[in-house]
Amino acid sequence: MPKRIVLTMGVIGFLLGGLFSSARAENFPQGEEPIIKPPVEEQKLKEAKIDTESLEMGPYYGVYALDGFGTSGVYGFRLAYHLTEDVFFEGTYGITRFNQETFRRLTGRSLVADENITYWNAGAGYNLFPGQIFPTRKRTLNSTIYLLGGLGQTQIDRQAHFTFDAGTGYKVFIVDWFEVRVELRTHILQTDLTGANEIMKNIEGTAAFAVFF
Amino acid sequence: MNAIRRETRSRLSLLLLCLGPFIAAETAFGEEAYQKASVVEPFLEIHTGPGRSYPVFYVAERGEEILLLKRRTDWYRIRLSNGKEGWVNRADIEKTLLAQGRNKGVMDRIYDDYLADRLELAWGAGTFGGDPSLSVRMTYLLTDVLSLEGGANFVSSDQGSIDLYQGGIVVTPWRWRWLSVSATVGGGIVSATPSSLVVGVTKKTFQEAHAGIGISIPLVRNLFARGDFRNYTVFMSPERTREFQEYGIGLSFRF
(Lines give C-alpha, C1' and ligand atoms only; values in the text may rest on other atoms or scores of the structure.)
Protein backbone atom coordinates (compact mmCIF):
# COMPACT_ATOMS: atom_id res chain seq x y z
CA MET A 1 0.00 0.00 0.00
CA PRO A 2 2.71 2.64 0.86
CA LYS A 3 4.36 1.77 -2.43
CA ARG A 4 1.26 2.95 -4.31
CA ILE A 5 1.17 6.24 -2.32
CA VAL A 6 4.81 6.94 -3.14
CA LEU A 7 4.12 6.15 -6.81
CA THR A 8 1.04 8.44 -6.91
CA MET A 9 2.96 11.28 -5.24
CA GLY A 10 5.75 10.79 -7.68
CA VAL A 11 3.41 11.06 -10.65
CA ILE A 12 1.76 14.21 -9.19
CA GLY A 13 5.16 15.74 -8.52
CA PHE A 14 6.26 14.99 -12.07
CA LEU A 15 3.10 16.56 -13.55
CA LEU A 16 3.39 19.66 -11.33
CA GLY A 17 7.04 20.00 -12.24
CA GLY A 18 6.11 19.88 -15.90
CA LEU A 19 3.41 22.50 -15.37
CA PHE A 20 5.77 24.88 -13.59
CA SER A 21 8.54 24.51 -16.09
CA SER A 22 6.15 25.13 -18.98
CA ALA A 23 4.77 28.15 -17.09
CA ARG A 24 8.34 29.40 -16.70
CA ALA A 25 8.92 28.98 -20.40
CA GLU A 26 5.83 31.03 -21.14
CA ASN A 27 7.06 33.79 -18.84
CA PHE A 28 10.17 34.22 -21.01
CA PRO A 29 9.66 37.22 -23.30
CA GLN A 30 9.26 36.04 -26.85
CA GLY A 31 9.70 37.85 -30.09
CA GLU A 32 12.07 40.35 -28.49
CA GLU A 33 15.58 41.08 -29.65
CA PRO A 34 18.22 39.26 -27.61
CA ILE A 35 20.07 41.59 -25.25
CA ILE A 36 23.49 40.28 -26.25
CA LYS A 37 23.96 40.34 -29.97
CA PRO A 38 27.12 38.63 -31.14
CA PRO A 39 28.84 40.62 -33.85
CA VAL A 40 29.03 38.22 -36.80
CA GLU A 41 30.98 39.77 -39.59
CA GLU A 42 30.60 38.87 -43.22
CA GLN A 43 33.82 37.20 -44.25
CA LYS A 44 35.11 36.26 -47.62
CA LEU A 45 36.87 33.00 -47.11
CA LYS A 46 37.75 30.71 -49.94
CA GLU A 47 38.33 27.22 -48.65
CA ALA A 48 39.76 26.10 -51.96
CA LYS A 49 42.64 28.53 -51.40
CA ILE A 50 43.72 26.76 -48.24
CA ASP A 51 46.60 24.43 -48.98
CA THR A 52 45.59 20.82 -48.35
CA GLU A 53 48.21 18.35 -47.21
CA SER A 54 46.71 14.90 -47.52
CA LEU A 55 49.49 13.13 -49.36
CA GLU A 56 52.69 11.84 -47.89
CA MET A 57 55.65 10.41 -49.77
CA GLY A 58 59.22 9.41 -49.24
CA PRO A 59 61.92 6.79 -49.67
CA TYR A 60 62.87 4.07 -47.21
CA TYR A 61 65.84 1.86 -46.61
CA GLY A 62 66.32 -1.23 -44.49
CA VAL A 63 66.80 -4.97 -44.35
CA TYR A 64 64.63 -7.69 -45.85
CA ALA A 65 64.95 -11.23 -44.52
CA LEU A 66 63.86 -13.83 -47.05
CA ASP A 67 62.42 -16.69 -45.00
CA GLY A 68 64.82 -19.63 -45.11
CA PHE A 69 67.47 -17.74 -47.08
CA GLY A 70 69.75 -14.80 -46.42
CA THR A 71 69.06 -11.22 -45.51
CA SER A 72 69.59 -8.35 -47.94
CA GLY A 73 69.29 -4.60 -47.99
CA VAL A 74 66.01 -3.19 -49.25
CA TYR A 75 65.05 0.20 -50.56
CA GLY A 76 61.81 1.54 -51.82
CA PHE A 77 59.32 4.34 -52.06
CA ARG A 78 56.02 5.00 -50.40
CA LEU A 79 52.98 7.15 -51.16
CA ALA A 80 50.19 7.61 -48.65
CA TYR A 81 46.84 9.35 -48.67
CA HIS A 82 45.43 10.48 -45.34
CA LEU A 83 41.67 10.19 -45.21
CA THR A 84 41.08 11.13 -41.57
CA GLU A 85 43.37 11.76 -38.63
CA ASP A 86 43.13 8.02 -37.88
CA VAL A 87 42.95 6.25 -41.22
CA PHE A 88 45.34 6.41 -44.16
CA PHE A 89 45.93 4.40 -47.31
CA GLU A 90 49.39 3.56 -48.45
CA GLY A 91 51.16 2.05 -51.42
CA THR A 92 54.79 0.94 -51.43
CA TYR A 93 57.23 -0.33 -54.01
CA GLY A 94 60.45 -1.97 -52.87
CA ILE A 95 63.54 -3.57 -54.36
CA THR A 96 65.71 -6.15 -52.65
CA ARG A 97 67.99 -9.06 -53.56
CA PHE A 98 67.77 -12.82 -53.26
CA ASN A 99 70.69 -13.68 -51.02
CA GLN A 100 71.61 -17.22 -52.08
CA GLU A 101 75.20 -17.22 -50.82
CA THR A 102 74.53 -19.89 -48.18
CA PHE A 103 72.53 -22.02 -50.59
CA ARG A 104 75.31 -21.81 -53.17
CA ARG A 105 77.98 -22.65 -50.61
CA LEU A 106 76.06 -25.69 -49.36
CA THR A 107 74.88 -27.09 -52.67
CA GLY A 108 77.37 -25.66 -55.14
CA ARG A 109 74.61 -24.35 -57.42
CA SER A 110 72.24 -21.41 -57.68
CA LEU A 111 68.57 -21.63 -56.80
CA VAL A 112 67.31 -18.69 -58.79
CA ALA A 113 68.51 -17.31 -62.11
CA ASP A 114 67.39 -13.73 -61.35
CA GLU A 115 68.46 -12.46 -57.95
CA ASN A 116 66.33 -9.32 -58.08
CA ILE A 117 63.25 -9.23 -55.88
CA THR A 118 60.70 -6.48 -56.27
CA TYR A 119 57.44 -6.05 -54.44
CA TRP A 120 54.51 -3.68 -54.33
CA ASN A 121 51.58 -3.49 -52.01
CA ALA A 122 48.64 -1.28 -51.25
CA GLY A 123 46.76 -1.21 -48.01
CA ALA A 124 45.33 0.71 -45.12
CA GLY A 125 46.87 2.06 -41.95
CA TYR A 126 45.58 3.20 -38.60
CA ASN A 127 47.19 5.72 -36.27
CA LEU A 128 46.90 3.74 -33.07
CA PHE A 129 48.73 5.88 -30.51
CA PRO A 130 49.18 9.49 -31.56
CA GLY A 131 51.13 11.39 -28.95
CA GLN A 132 54.18 13.44 -28.18
CA ILE A 133 57.83 12.95 -27.31
CA PHE A 134 60.04 15.36 -25.40
CA PRO A 135 63.63 15.07 -26.72
CA THR A 136 64.81 18.13 -24.80
CA ARG A 137 63.34 20.30 -22.07
CA LYS A 138 62.09 22.86 -24.56
CA ARG A 139 61.37 20.76 -27.59
CA THR A 140 58.18 18.74 -28.06
CA LEU A 141 57.60 16.62 -31.14
CA ASN A 142 54.42 14.93 -32.29
CA SER A 143 54.58 11.21 -32.84
CA THR A 144 52.38 8.24 -33.60
CA ILE A 145 52.48 4.47 -33.49
CA TYR A 146 50.56 3.02 -36.41
CA LEU A 147 49.38 -0.31 -37.74
CA LEU A 148 49.47 -1.37 -41.40
CA GLY A 149 47.89 -4.10 -43.45
CA GLY A 150 47.74 -4.64 -47.18
CA LEU A 151 47.81 -6.82 -50.25
CA GLY A 152 50.22 -6.91 -53.12
CA GLN A 153 52.67 -8.96 -55.12
CA THR A 154 56.26 -10.05 -54.68
CA GLN A 155 58.31 -10.83 -57.74
CA ILE A 156 60.88 -13.55 -57.04
CA ASP A 157 62.87 -15.04 -59.91
CA ARG A 158 60.57 -13.25 -62.42
CA GLN A 159 57.56 -14.89 -60.83
CA ALA A 160 54.83 -12.81 -59.14
CA HIS A 161 53.39 -14.10 -55.88
CA PHE A 162 50.27 -12.86 -54.12
CA THR A 163 51.42 -11.26 -50.86
CA PHE A 164 49.79 -10.26 -47.58
CA ASP A 165 51.45 -7.47 -45.64
CA ALA A 166 51.13 -6.54 -42.00
CA GLY A 167 53.24 -4.31 -39.85
CA THR A 168 53.66 -1.58 -37.34
CA GLY A 169 55.71 1.56 -37.19
CA TYR A 170 56.66 4.61 -35.22
CA LYS A 171 56.60 8.05 -36.75
CA VAL A 172 58.06 11.29 -35.35
CA PHE A 173 57.24 14.67 -36.89
CA ILE A 174 60.30 16.92 -36.97
CA VAL A 175 58.12 19.69 -38.35
CA ASP A 176 54.48 19.23 -39.27
CA TRP A 177 55.28 18.41 -42.92
CA PHE A 178 58.41 16.32 -42.41
CA GLU A 179 58.62 13.07 -40.50
CA VAL A 180 61.02 10.23 -39.81
CA ARG A 181 59.95 6.71 -39.02
CA VAL A 182 60.97 3.15 -38.31
CA GLU A 183 58.81 0.28 -39.42
CA LEU A 184 58.62 -3.48 -39.03
CA ARG A 185 56.64 -5.44 -41.57
CA THR A 186 56.04 -9.02 -42.53
CA HIS A 187 55.33 -10.16 -46.08
CA ILE A 188 53.44 -13.44 -46.24
CA LEU A 189 53.48 -15.27 -49.56
CA GLN A 190 53.36 -18.72 -51.05
CA THR A 191 56.27 -19.89 -53.19
CA ASP A 192 57.52 -23.05 -54.83
CA LEU A 193 61.20 -22.15 -54.69
CA THR A 194 62.23 -25.41 -53.05
CA GLY A 195 60.09 -27.54 -55.34
CA ALA A 196 57.01 -27.64 -53.13
CA ASN A 197 54.47 -24.98 -52.24
CA GLU A 198 55.28 -23.38 -48.91
CA ILE A 199 54.38 -20.23 -47.01
CA MET A 200 57.16 -17.68 -46.61
CA LYS A 201 57.08 -15.04 -43.91
CA ASN A 202 59.60 -12.40 -44.85
CA ILE A 203 60.44 -9.86 -42.18
CA GLU A 204 61.42 -6.37 -43.23
CA GLY A 205 62.73 -3.60 -41.01
CA THR A 206 63.06 -0.13 -42.50
CA ALA A 207 63.87 3.45 -41.62
CA ALA A 208 62.39 6.29 -43.64
CA PHE A 209 61.62 9.92 -43.99
CA ALA A 210 58.64 11.46 -45.72
CA VAL A 211 57.16 14.80 -46.60
CA PHE A 212 53.53 15.88 -46.59
CA PHE A 213 52.27 17.86 -49.53
CA MET B 1 88.34 8.51 -43.34
CA ASN B 2 88.37 11.64 -45.44
CA ALA B 3 86.70 9.77 -48.25
CA ILE B 4 83.92 8.67 -45.91
CA ARG B 5 83.50 12.21 -44.65
CA ARG B 6 83.41 13.50 -48.22
CA GLU B 7 80.81 10.91 -49.15
CA THR B 8 78.69 11.76 -46.12
CA ARG B 9 78.90 15.42 -47.03
CA SER B 10 77.90 14.76 -50.64
CA ARG B 11 75.00 12.60 -49.45
CA LEU B 12 73.85 15.34 -47.11
CA SER B 13 73.97 17.90 -49.86
CA LEU B 14 72.01 15.52 -52.08
CA LEU B 15 69.38 15.21 -49.35
CA LEU B 16 69.21 18.99 -49.03
CA LEU B 17 68.90 19.26 -52.79
CA CYS B 18 65.95 16.86 -52.68
CA LEU B 19 64.31 18.72 -49.83
CA GLY B 20 65.12 22.14 -51.20
CA PRO B 21 61.91 22.71 -53.16
CA PHE B 22 59.83 21.76 -50.13
CA ILE B 23 61.71 24.09 -47.82
CA ALA B 24 61.43 26.86 -50.40
CA ALA B 25 57.72 26.20 -50.88
CA GLU B 26 57.22 26.43 -47.16
CA THR B 27 58.80 29.86 -46.86
CA ALA B 28 58.07 31.42 -50.26
CA PHE B 29 54.45 32.33 -49.61
CA GLY B 30 53.89 35.53 -47.69
CA GLU B 31 51.18 36.29 -45.19
CA GLU B 32 48.94 37.50 -48.03
CA ALA B 33 48.74 34.01 -49.50
CA TYR B 34 46.80 32.76 -46.49
CA GLN B 35 43.09 33.02 -45.88
CA LYS B 36 42.13 35.22 -42.96
CA ALA B 37 39.13 34.83 -40.67
CA SER B 38 37.97 36.09 -37.33
CA VAL B 39 36.76 33.55 -34.81
CA VAL B 40 32.96 33.37 -34.61
CA GLU B 41 32.77 30.63 -32.00
CA PRO B 42 32.85 31.67 -28.31
CA PHE B 43 36.26 30.03 -28.05
CA LEU B 44 38.58 27.90 -30.15
CA GLU B 45 40.75 25.13 -28.75
CA ILE B 46 44.15 24.94 -30.38
CA HIS B 47 45.93 21.60 -30.38
CA THR B 48 49.63 20.93 -30.82
CA GLY B 49 48.99 18.46 -33.63
CA PRO B 50 46.38 17.46 -36.20
CA GLY B 51 44.56 14.93 -34.03
CA ARG B 52 42.26 14.79 -31.04
CA SER B 53 44.88 13.16 -28.83
CA TYR B 54 47.36 15.99 -29.23
CA PRO B 55 46.92 18.34 -26.25
CA VAL B 56 45.22 21.75 -26.30
CA PHE B 57 47.89 24.36 -25.56
CA TYR B 58 45.96 27.57 -26.19
CA VAL B 59 42.38 28.80 -26.40
CA ALA B 60 41.53 31.61 -28.83
CA GLU B 61 38.59 33.90 -28.09
CA ARG B 62 35.75 35.15 -30.23
CA GLY B 63 36.83 37.93 -32.54
CA GLU B 64 40.49 36.94 -32.65
CA GLU B 65 42.01 37.09 -36.10
CA ILE B 66 43.40 33.84 -37.45
CA LEU B 67 45.29 32.89 -40.57
CA LEU B 68 44.41 29.51 -42.08
CA LEU B 69 47.78 28.12 -43.10
CA LYS B 70 46.87 24.69 -44.33
CA ARG B 71 44.57 21.77 -43.91
CA ARG B 72 45.24 18.11 -43.17
CA THR B 73 42.25 15.73 -43.08
CA ASP B 74 39.82 17.38 -40.62
CA TRP B 75 42.35 19.76 -39.11
CA TYR B 76 43.46 23.27 -39.98
CA ARG B 77 46.80 24.73 -39.06
CA ILE B 78 46.22 28.29 -37.97
CA ARG B 79 48.33 31.25 -36.91
CA LEU B 80 47.09 33.80 -34.39
CA SER B 81 47.97 37.47 -34.36
CA ASN B 82 50.27 36.81 -31.37
CA GLY B 83 52.28 34.44 -33.52
CA LYS B 84 51.08 31.21 -31.92
CA GLU B 85 50.51 28.37 -34.34
CA GLY B 86 48.52 25.20 -33.85
CA TRP B 87 45.82 22.93 -35.14
CA VAL B 88 42.04 23.29 -34.83
CA ASN B 89 39.41 20.73 -35.66
CA ARG B 90 37.05 21.38 -38.54
CA ALA B 91 33.99 20.84 -36.35
CA ASP B 92 35.25 23.45 -33.84
CA ILE B 93 35.84 26.08 -36.50
CA GLU B 94 32.78 25.27 -38.62
CA LYS B 95 30.87 28.48 -37.81
CA THR B 96 33.87 30.61 -38.68
CA LEU B 97 34.30 28.76 -41.95
CA LEU B 98 30.63 29.06 -42.80
CA ALA B 99 30.41 32.74 -41.82
CA GLN B 100 30.53 33.58 -45.51
CA GLY B 101 26.80 32.90 -45.62
CA ARG B 102 26.55 29.31 -46.66
CA ASN B 103 24.04 27.55 -44.46
CA LYS B 104 25.03 23.98 -45.00
CA GLY B 105 26.49 21.30 -42.77
CA VAL B 106 30.17 20.52 -43.13
CA MET B 107 29.71 16.89 -44.11
CA ASP B 108 27.02 17.75 -46.68
CA ARG B 109 29.26 20.24 -48.32
CA ILE B 110 32.16 17.86 -48.47
CA TYR B 111 29.97 15.09 -49.87
CA ASP B 112 28.61 17.34 -52.63
CA ASP B 113 32.08 18.60 -53.43
CA TYR B 114 33.33 15.09 -53.98
CA LEU B 115 30.34 14.16 -56.10
CA ALA B 116 31.39 16.94 -58.43
CA ASP B 117 34.87 15.48 -58.76
CA ARG B 118 35.64 13.72 -61.99
CA LEU B 119 38.55 11.40 -61.30
CA GLU B 120 38.10 8.13 -59.44
CA LEU B 121 40.92 5.90 -58.30
CA ALA B 122 40.03 2.37 -57.21
CA TRP B 123 41.90 -0.47 -55.65
CA GLY B 124 40.48 -3.91 -54.94
CA ALA B 125 41.03 -7.56 -54.29
CA GLY B 126 39.14 -10.62 -55.38
CA THR B 127 39.34 -13.70 -57.50
CA PHE B 128 40.04 -14.11 -61.20
CA GLY B 129 39.21 -17.58 -62.50
CA GLY B 130 39.41 -18.79 -58.91
CA ASP B 131 42.89 -17.37 -58.23
CA PRO B 132 43.66 -14.36 -56.00
CA SER B 133 43.61 -11.12 -57.94
CA LEU B 134 44.45 -7.51 -57.17
CA SER B 135 43.16 -4.65 -59.24
CA VAL B 136 43.91 -0.97 -59.75
CA ARG B 137 41.55 1.15 -61.79
CA MET B 138 41.25 4.77 -62.82
CA THR B 139 37.96 6.18 -64.04
CA TYR B 140 37.29 9.55 -65.55
CA LEU B 141 33.68 10.71 -65.41
CA LEU B 142 32.81 12.31 -68.76
CA THR B 143 29.21 12.90 -67.70
CA ASP B 144 27.14 11.66 -64.76
CA VAL B 145 26.28 8.57 -66.80
CA LEU B 146 29.31 7.93 -68.99
CA SER B 147 32.88 7.27 -67.83
CA LEU B 148 36.13 6.02 -69.29
CA GLU B 149 38.13 3.45 -67.43
CA GLY B 150 41.63 2.06 -67.49
CA GLY B 151 43.19 -0.44 -65.16
CA ALA B 152 45.23 -3.49 -64.41
CA ASN B 153 44.72 -6.81 -62.67
CA PHE B 154 47.49 -8.84 -61.10
CA VAL B 155 46.67 -12.51 -60.64
CA SER B 156 48.92 -15.04 -58.92
CA SER B 157 48.33 -18.78 -59.06
CA ASP B 158 50.17 -22.07 -58.68
CA GLN B 159 50.59 -22.25 -62.43
CA GLY B 160 52.03 -18.78 -62.74
CA SER B 161 51.01 -15.18 -62.81
CA ILE B 162 48.69 -13.20 -65.06
CA ASP B 163 48.90 -9.47 -65.66
CA LEU B 164 45.86 -7.96 -67.29
CA TYR B 165 45.77 -4.45 -68.73
CA GLN B 166 42.37 -3.22 -69.75
CA GLY B 167 40.37 -0.24 -70.86
CA GLY B 168 36.66 0.29 -71.24
CA ILE B 169 33.53 2.35 -71.09
CA VAL B 170 31.44 2.51 -67.92
CA VAL B 171 27.77 3.43 -67.96
CA THR B 172 26.18 4.39 -64.65
CA PRO B 173 22.43 4.72 -65.32
CA TRP B 174 21.43 4.38 -61.67
CA ARG B 175 23.03 6.89 -59.37
CA TRP B 176 21.31 7.46 -56.07
CA ARG B 177 22.68 9.24 -53.06
CA TRP B 178 23.77 6.07 -51.27
CA LEU B 179 24.26 3.66 -54.14
CA SER B 180 25.22 3.69 -57.76
CA VAL B 181 25.05 0.77 -60.18
CA SER B 182 27.14 0.63 -63.32
CA ALA B 183 27.82 -1.61 -66.29
CA THR B 184 31.07 -1.85 -68.19
CA VAL B 185 32.39 -3.20 -71.48
CA GLY B 186 35.96 -3.14 -72.71
CA GLY B 187 39.02 -4.98 -73.86
CA GLY B 188 42.67 -5.39 -73.19
CA ILE B 189 45.66 -7.66 -73.13
CA VAL B 190 46.45 -10.63 -70.88
CA SER B 191 50.06 -11.45 -70.21
CA ALA B 192 50.57 -14.91 -68.70
CA THR B 193 53.89 -15.93 -67.13
CA PRO B 194 53.99 -19.64 -66.26
CA SER B 195 55.59 -20.84 -63.04
CA SER B 196 59.13 -22.23 -63.21
CA LEU B 197 57.63 -25.59 -62.20
CA VAL B 198 55.53 -25.68 -65.39
CA VAL B 199 57.96 -27.08 -67.94
CA GLY B 200 57.93 -26.18 -71.61
CA VAL B 201 55.63 -23.14 -71.51
CA THR B 202 56.85 -19.63 -72.07
CA LYS B 203 55.37 -16.18 -71.41
CA LYS B 204 52.41 -15.46 -73.70
CA THR B 205 50.19 -12.51 -74.45
CA PHE B 206 46.54 -12.75 -75.47
CA GLN B 207 43.74 -10.32 -76.18
CA GLU B 208 40.60 -10.17 -74.13
CA ALA B 209 37.12 -8.62 -74.18
CA HIS B 210 35.06 -8.18 -71.06
CA ALA B 211 31.69 -7.09 -69.74
CA GLY B 212 30.61 -6.60 -66.16
CA ILE B 213 28.53 -4.87 -63.55
CA GLY B 214 29.53 -2.99 -60.45
CA ILE B 215 28.10 -1.19 -57.46
CA SER B 216 29.53 1.72 -55.50
CA ILE B 217 28.49 2.85 -52.03
CA PRO B 218 29.72 6.12 -50.51
CA LEU B 219 31.34 5.49 -47.13
CA VAL B 220 32.82 8.70 -45.82
CA ARG B 221 33.85 11.87 -47.63
CA ASN B 222 35.54 10.93 -50.93
CA LEU B 223 35.81 7.25 -50.04
CA PHE B 224 33.55 4.69 -51.70
CA ALA B 225 33.19 0.93 -51.28
CA ARG B 226 32.76 -1.01 -54.48
CA GLY B 227 31.90 -4.47 -55.69
CA ASP B 228 32.50 -5.81 -59.19
CA PHE B 229 31.68 -8.80 -61.31
CA ARG B 230 33.27 -9.18 -64.73
CA ASN B 231 33.26 -11.85 -67.37
CA TYR B 232 36.39 -12.05 -69.53
CA THR B 233 36.67 -13.79 -72.87
CA VAL B 234 40.32 -14.48 -73.62
CA PHE B 235 41.24 -15.25 -77.22
CA MET B 236 43.74 -18.07 -76.75
CA SER B 237 44.04 -18.76 -80.50
CA PRO B 238 41.92 -17.87 -83.55
CA GLU B 239 39.80 -20.96 -82.92
CA ARG B 240 39.76 -21.14 -79.15
CA THR B 241 38.49 -18.79 -76.44
CA ARG B 242 38.43 -19.20 -72.67
CA GLU B 243 36.10 -17.58 -70.17
CA PHE B 244 37.23 -16.19 -66.82
CA GLN B 245 35.08 -14.65 -64.10
CA GLU B 246 36.32 -11.94 -61.78
CA TYR B 247 34.68 -11.13 -58.46
CA GLY B 248 36.14 -8.24 -56.57
CA ILE B 249 35.58 -5.83 -53.73
CA GLY B 250 37.53 -2.70 -53.04
CA LEU B 251 37.75 0.97 -52.24
CA SER B 252 37.73 4.00 -54.46
CA PHE B 253 38.53 7.68 -54.02
CA ARG B 254 37.21 10.69 -55.88
CA PHE B 255 39.58 13.52 -56.64
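Buried residues, defined as those with 20 or more other C-beta atoms within 10 Å of their own, the C-beta atoms being placed from the backbone, make up 27% of the 255 residues in chain B of this predicted model. In chain A, 25% of the 213 residues count as buried. Residues are numbered from 1 along each chain as its sequence is written, while chains are lettered from A and ligands numbered from 1 in the order in which they are written. Local features need pLDDT of at least 70 and side-chain atom pairs count only at pLDDT 80 or more, whereas totals for chains, interfaces and linings use all residues.

Helices (DSSP runs of H or I, at least four residues) and strands (DSSP runs of E, at least two residues) are numbered from the N terminus. On this basis chain B has three helices and 14 strands, and chain A has two helices and nine strands, its elements running α-β-β-β-β-α-β-β-β-β-β from the N terminus on. Two residues are taken to be in contact if their C-beta atoms, placed from the backbone, lie within 7 Å.

Strands of a sheet pair through backbone hydrogen bonds, either parallel or antiparallel, and two strands are counted as paired here if DSSP finds at least two bridges between them. In chain B, eight strands close into an antiparallel barrel in the order β7-β8-β9-β10-β11-β12-β13-β14. Neighbouring strands of this sheet are turned by 25° against each other on average, direction ignored, with axes taken as lines fitted to C-alpha atoms, for helices over the stretch in contact, and angles running from 0 to 180 degrees between N-to-C directions. Within chain B, strand β8 (residues 131-141) and strand β9 (residues 146-157) pair in the antiparallel sense over nine bridges, and B:R137 stands opposite B:G151 in β9(B).

Between the chains, 37 residues of chain A are in contact with 38 residues of chain B. On the chain A side, two or more residues each come from β1 (51-52), β5 (116-133), β6 (141-156), β7 (159-175) and β9 (198-212). By class, that side has twelve nonpolar residues, 14 polar and eleven charged, where Ala, Val, Leu, Ile, Met, Phe, Trp, Tyr, Cys and Pro count as nonpolar, Asp, Glu, Lys and Arg as charged, and the others, Gly among them, as polar. Strand pairing also links the two chains, in that β1(A) and strand β4 (residues 65-72) of chain B pair in the parallel sense over two bridges, with B:R71 in β4(B) as the bridge partner of A:T52.

Technical notes: A residue is buried if 20 or more other C-beta atoms lie within 10 Å of its own, exposed if 12 or fewer, and partly exposed in between; C-beta atoms are placed from the backbone.
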